[in-house]
Structures are given as C-alpha cells and as structure tokens.
Amino acid sequence: MFISKNPATEEIMAEFPEISREMLAQKLAIAHDTFLQWRETSFAFRAERMRRLAELLQHHAREYGELIAKEMGRPINSPLFSAVAEVEKSGKVCAWYAENAEKILAPEIVASDASESFVRFDPLGPILAVMPWNFPLWQVFRFAAPALMAGNVGLLKHASNVPQCARAIEELFQRAGFPEGAFQNLFIGVPEVEVVIRDQRVAAVTLTGSERAGRSVAAIAGDVIKKTVLELGGSDPFIVLADADIEAACTVGVNARLQNAGQSCIAAKRFIVVKNIAQAFIDGYRKKYEALRLGDPMDEATDVGPLVNEKMLSEIERQVNESVKKGARVEIGGRRRAGRGYFFEPTILSDVKKGMPAYEEELFGPVAAVMVADDENDAIRIANDTSFGLGASLWTRDVEKAKQLAARVEAGAVFINGMVKSDPRLPFGGVKRSGYGRELSSYGIKEFVNIKTVWVNPQPRY
Ligand code: NAP
C-alpha cells in the first residue's frame with residue numbers, strides 16, 4: 001500500500017493500492033509500444049512537449065509545492081531550499097534539456113580510414129527509475145527530462161510514502177502532451193522492481209536512494225546485463241580552513257546542513273574545521289541555529305520542518321544519543337520535539353571523533369557533526385575518511401590553494417566557498433559508495449543512449 005501521511009500532523013491524507021501483476025504487464029507493453037514510436041520523433045517534437053511541461057511546473061509551483069510540503073514535510077517557503085523552489089527547479093531542468101538535448105546528441109563526425117565515420121547517440125528503450133521521497137519532484141524530473149529528450153520512455157517506481165507526488169508527475173506529463181506510455185507511474189512494491197528489471201523490454205535502471213537499495217538493484221541488473229546509474233548516500237564534508245571567511249561559512253553552513261531538515265544526500269554533514277579557528281566557527285554557527293524556526297511546513301515563517309517519518313526520527317535520535325555517550329558534546333538542540341509530528345531540533349555536535357555514529361554514518365537529519373583538524377592536510381585526510389564520495393565544500397580565501405586541494409578530495413563535486421548544489425548545466429554524481437554514473441548536463445543525457453559508431457566505406461584491412 002502507498003500511504004500519503006503528513007509528517008507534521010501524522011494525518012493520513014490518501015492511500016493507493018499496488019497495481020496487479022496483470023496491470024504491470026500492460027503498462028510495460030504500453031511503454032515498449034510507445035518507445036517504438038517516440039524514438040522516431042524529432043527533437044523539436046519532444047522539445048515542444050518538454051517546454052510545455054516546464055511551463056506547467058513554473059505556473060503551478062505553489063500548488064505542487066504545497067503537495068510536497070504536506071506529503072514529505074519540506075517548508076513551503078523557507079529560505080533554505082523550499083518546496084516551491086523545488087518545483088521551479090524541476091521546471092528549469094525540463095527547459096534546459098528541451099533547449100540543449102539536440103545539440104548535445106548531434107552526431108559527432110570523426111575522421112578515420114572510412115570515407116565517412118561518425119558517432120550517433122540512439123535511445124535505449126524504457127528506463128526504470130527507482131526514486132526517493134526527499135526531493136519527490138526534482139529527483140524524478142532530473143532523470144526524466146534527459147531520458148525522454150534522448151528518445152527513451154520512463155517508468156517510475158517512486159518511494160511508497162509520496163504517492164500523491166508520483167501521481168501528480170504522471171499527470172503533468174499527460175497535460176504537457178506526452179503520449180500515455182512516454183512516462184508512467186507504477187504503484188509497485190520492492191519485489192516488483194525485480195520483475196520490471198528482468199523484463200526484456202526494459203533497457204536500463206537508475207536508482208536514487210540508499211546503499212541497500214542500490215546494491216540490490218545493481219545486482220539484479222548485473223544478472224541480466226543491464227546498465228545502471230546509482231545515486232546513493234553521502235556524508236559530505238564542509239571543510240573550513242584557517243584563512244576562511246568564517247561568517248560566510250557559518251551563514252552558508254546553515255543552508256548546507258539544514259535544507260529539507262537535513263534529509264539531502266548532498267547536505268553538508270561533517271564540519272571539519274582547522275583547530276585555531278574551531279571555537280570561532282562553533283560560536284558563530286551556534287548563533288545562526290538559535291535564530292531558526294522549527295515548525296509546520298505550511299507556515300511561511302518556518303525554516304526547518306519535520307523529518308519524513310518516525311523511522312528517520314528514531315534513527316537520528318539514536319545517532320545523536322550514541323555519539324553523546326561516546327563523548328560528543330551537544331552545542332544546541334539534541335532532542336526530538338514533544339507532541340505530534342516527527343520534529344527533531346536543529347542540532348550541533350562538537351568533539352565528534354572516529355568511532356561515533358556522527359563520524360562514521362550518514363546523518364539524514366538536522367544534525368551537524370563538528371570535527372577538529374590539526375591543519376589543512378589533516379582536514380583533507382578526515383574528509384576522505386568515509387565510504388561516501390558525493391560532494392564536498394571547501395572554505396578558504398586562497399582560491400588557488402583550494403583548487404589544488406580539490407584534486408585530493410574524493411568526491412564527485414567540490415564547491416569552493418559555497419554549498420554543494422546541483423544545476424542542469426553541470427554533472428552530478430558520486431564516487432566510492434555514493435554510487436556511479438552521472439546525472440544532469442551532457443554527461444547525464446549520455447548515460448542512457450547507445451553510443452553507436454557508423455562507418456561508411458571503411459578500408460578493408462586492420
Ligand atoms: P531507500 O529506502 O533506498 O528508498 C529509495 C527508493 O528505493 C524507494 O523508491 C524505495 O521504495 C526503493 N527501494 C527500497 N529498497 C529497495 C530494494 N531493495 N530494491 C529496490 N528498490 C528499493 O532510500 P530512502 O531511505 O528513502 O532515501 C534516503 C537515501 O537516499 C539516503 O541514503 C540518501 O543519501 C539517498 N539519496 C541520494 C541521492 C543522490 O542523488 N545521491 C538523492 C537523494 C537521496 P519503497 O519506498 O517502496 O521502499
């Protein structure tokens with residue numbers, strides 16, 4: 001059952017049954033049939049619909065923002081990445097690929113011993129997307145816009161707690177004029193994910209979510225030799241060096257850690273500060289937290305909303321309590337809020353050391369772990385002392401030095417004097433156990449194409 005529950009009030013808003021195996025088979029058939037026609041359409045034809053989709057998202061940003069706020073708890077208008085901003089950003093990724101897909105996927109002419117030789121980028125087929133709840137629209141559109149512009153069709157298995165968002169996304173594609181099978185929402189459970197991956201008509205799978213889910217999906221896809229892209233967890237370092245602008249780092253560090261109540265794969269989670277400025281950073285950072293308002297996501301004045309469910313709340317509570325037992329110090333916050341809803345106080349832990357959950361694990365909630373480094377080399381060592389490698393933020397006034405240090409950071413993105421974020425123009429993805437493959441930009445759209453070489457009249461010898 002897909003249950004839509006408001007995490008601020010614990011009210012059940014809607015329930016949707018899973019579809020039957022017969023219905024699933026029908027949807028896969030529609031996806032395949034549609035693909036055979038969709039891949040023959042021109043870029044202009046696809047772009048017209050993709051632009052309409054972008055417009056719908058822009059014009060109805062408030063309406064879909066409210067759905068996000070109610071279904072997964074992100075504040076409607078917080079200066080930290082708000083629910084409305086997520087919808088607008090989803091529109092931007094559609095507009096960007098409508099504008100740029102044809103250019104990126106234009107055949108590349110390469111000189112060879114043939115009279116003519118070139119590389120073309122052909123679509124693969126129906127692509128399954130297994131998606132998480134934390135950015136319920138953005139995650140889906142950043143997959144779907146490039147996949148569909150390349151001539152593929154999309155199948156969505158969304159997280160089971162955001163069914164209203166899943167349904168709204170499918171409706172948006174239909175309202176924008178896409179054919180029925182170009183993008184379908186599948187109300188299926190985890191066992192059916194395997195059925196879909198193993199179906200011969202399905203060409204590839206992308207998953208954004210936990211390591212556990214990624215490992216399972218990649219193993220099944222590996223068994224049937226299908227391409228996967230995995231965007232998994234992160235424990236991004238936020239490194240503050242001795243010559244950093246501490247005030248700016250504290251200000252940006254709030255957004256970097258607390259957007260979406262900390263439930264972001266690219267949120268800054270480990271604040272690694274060099275020892276001679278450590279206390280100044282902690283004092284400045286705590287002041288920023290004192291001003292934040294935790295509350296109802298539908299209240300315009302709320303900065304930080306609830307966690308998505310009781311499970312995530314209990315998990316962050318355990319990580320804080322165990323870290324404190326092992327010697328971490330609570331600078332501010334540290335507890336769940338009494339009463340209804342899954343609220344946890346924005347928290348800063350200092351004296352975080354190896355062996356504590358706050359050092360070793362991904363903190364998927366509003367908790368910043370502050371660790372002290374001896375110097376910049378030690379800071380980079382700590383930054384890399386994790387199984388994850390998604391993003392990293394590096395603060396120093398010496399930008400040339402930072403550019404050199406960036407090469408030593410084991411992550412898919414390094415932001416110098418800024419927070420980690422995504423943008424359609426630049427690739428997004430991780431290394432190590434944060435996954436593989438890239439989304440967004442020219443790299444993202446080329447993940448789900450057949451890079452096909454065509455030779456005309458080649459020389460008859462090696
Ligand atoms: P999750 O449990 O892995 O769920 C994500 C999706 O995978 C859901 O649709 C879920 O369906 C499905 N799923 C769960 N187990 C599965 C399995 N064994 N086989 C196939 N599908 C499975 O992740 P989450 O806890 O909701 O999300 C938080 C995690 O996602 C964090 O680790 C976070 O860092 C990561 N994340 C990464 C990125 C990125 O871009 N790198 C972005 C956002 C989140 P059900 O809901 O039905 O279980």
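The axes of helix α4 (residues 83–104) and helix α5 (residues 138–149) come within 9 Å and cross at roughly 15°; axes here are lines fitted to C-alpha atoms, over the stretch in contact for helices, with angles running from 0 to 180 degrees between N-to-C directions. That makes α4 roughly parallel to α5, a label for angles under 35 degrees. The crossing is right-handed, meaning that the near helix is turned clockwise from the far one by less than a right angle.

This is a predicted model, in which local features need pLDDT of at least 70 and side-chain atom pairs count only at pLDDT 80 or more, while totals for chains, interfaces and linings use all residues. Residues are numbered from 1 along each chain as its sequence is written, and side-chain values use heavy atoms, leaving out hydrogens and water.

Here is who meets whom, with contact meaning heavy atoms within 4.5 Å.

| Helix | Residues in the contact |
|---|---|
| α4 | E86, K89, S90, V93, C94, Y97, A98, A101 |
| α5 | W138, F141, R142, A145, P146, M149 |

Now to the sheet. Seven strands form an open sheet with mixed pairing, in the order β12-β13-β14-β11-β10-β15-β16. Helices (H or I, at least four residues) and strands (E, at least two) are DSSP runs, numbered from the N terminus, and two strands pair if DSSP finds at least two bridges between them. Because β12 (329–332) and β16 (413–416) each have a single partner strand, one side of each is left without a neighbour in the sheet.

Strands β10 (residues 236–240) and β15 (residues 391–395) run parallel and are joined by three bridges, with F238 opposite S393 in β15.

Note on methods:
Parallel < 35°, antiparallel > 145°, perpendicular 65-115°, else oblique.
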